[in-house]
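Please consult the sequence and structure shown here alongside the text.

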Amino acid sequence: MHESSTVPVNLDEIISLLKRNLQIKEIVYKILSQNVINQTAQERGIVVTAQEVQAEADRQRHEMRLEKASDTLAWLAEQMISPDDWEAGICDRLLTEKLAESLFAKEVEKFFAQNRIQFDQVLLYQIIVPTESVAQELFYEIEEGEISFYQVAHLYDSDEKRRQQCGCEGTLYRWQLKPEIAAAVFNTPPKEVISPIQTTLGYHILMVEAFIPAELTPQRYQEIRDRLFQEWLTSEINYRLHNQT
């Protein structure tokens, strides 16, 4: 499978369109990122084998239900890429994964321990209204049992999506909350309604459904590792951009 795919536009047209749509910087950044990854991986003796590329290609084909070779070729044609292009992209992603693991696997636990409090999570419900008087009135009505928190959220919240979800904001990390919100939320027992707090968004009435203590799960491990890797990669690119001869 080495037949090249043809694109009905030339390279100059592609570059011109990227520039006109202010996307050229993003593409240049991605190219520089891959150059840094390739160079660093080579220095550290990290390689991706043909067997690893094939295994990942098979996994993707199974995920996309491309069981037959003809199905895969048809999908690649729709993407306007050749099989070699696809395999090269897989190789790049696997190399990035291997390099991130090589550079930061030993740093993840240390980072987690030092920043554990920031990885505490909360299942949060909130109502945001524009004025203090309305917020206080609604808070008192909830406190007195005249109306439930969920009913208030459904009727009065300023955000349509939260109204539909009766105030459910979802599961959030401590660091995703404004400091004044986090301080109140993480010092109030679950199911207790928190009196209105003002931010630039308006007046917040908050309620915690549940606290989720920080734990270094496989998903969180990858989040931290990828975060450390991206910070390193950005630093490397900026260094090279500002130290060109």
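Arg225 is part of helix α10, which spans residues 218-242; helices (H or I, at least four residues) and strands (E, at least two) are DSSP runs, numbered from the N terminus. The model is predicted, so local features need pLDDT of at least 70 and side-chain atom pairs count only at pLDDT 80 or more, whereas totals for chains, interfaces and linings use all residues. Residues are numbered from 1 along each chain as its sequence is written, and side-chain values use heavy atoms, with hydrogens and water left out.

With a relative accessible area of 2%, Arg225 is buried (buried means under 20% relative accessible area, exposed over 50%, partly exposed in between, with a 1.4 Å probe and protein chains only). Leaving aside residues up to four places away in sequence, Arg225 touches Glu97, Ala100, Glu101, Phe104 and Val108, contact being defined as heavy atoms within 4.5 Å.

## Helix α2

Helix α2 comprises 20 residues, 24-43, and reaches 29 Å from its first C-alpha to its last, close to the 28 Å expected at 1.5 Å a residue; the expected span is 1.5 Å times one less than the number of residues. Its buried residues are Ser33, Gln34, Val36, Ile37, Thr40 and Ala41. Viewed down the axis of α2, these buried residues fall within an arc of 160°, so they line one face of the helix; the arc is that of the directions from the helix axis to the C-beta atoms. An α-helix has 3.6 residues a turn, so residues three or four places apart point the same way.

The buried residues of α2 pack against α5 (83-114) and α10. On the face turned away from this buried side, α2 carries the exposed residues Gln42 and Glu43. Gly45 follows α2 and has a positive phi, near 70°.

Strand β3 (residues 193-199) is mostly covered, with 5 of its 7 residues buried. It runs antiparallel to strand β4 (residues 202-212), to which 5 bridges join it; two strands pair if DSSP finds at least two bridges between them. Ile194 has Leu206 as its bridge partner in β4, and Thr199 stands opposite Gly202 in β4. The hairpin that joins β3 to β4 passes through 2 residues.

Strand β1 (residues 121-129) is also antiparallel to β4, and 9 bridges join these strands. Gln121 has Ile212 as its bridge partner in β4.
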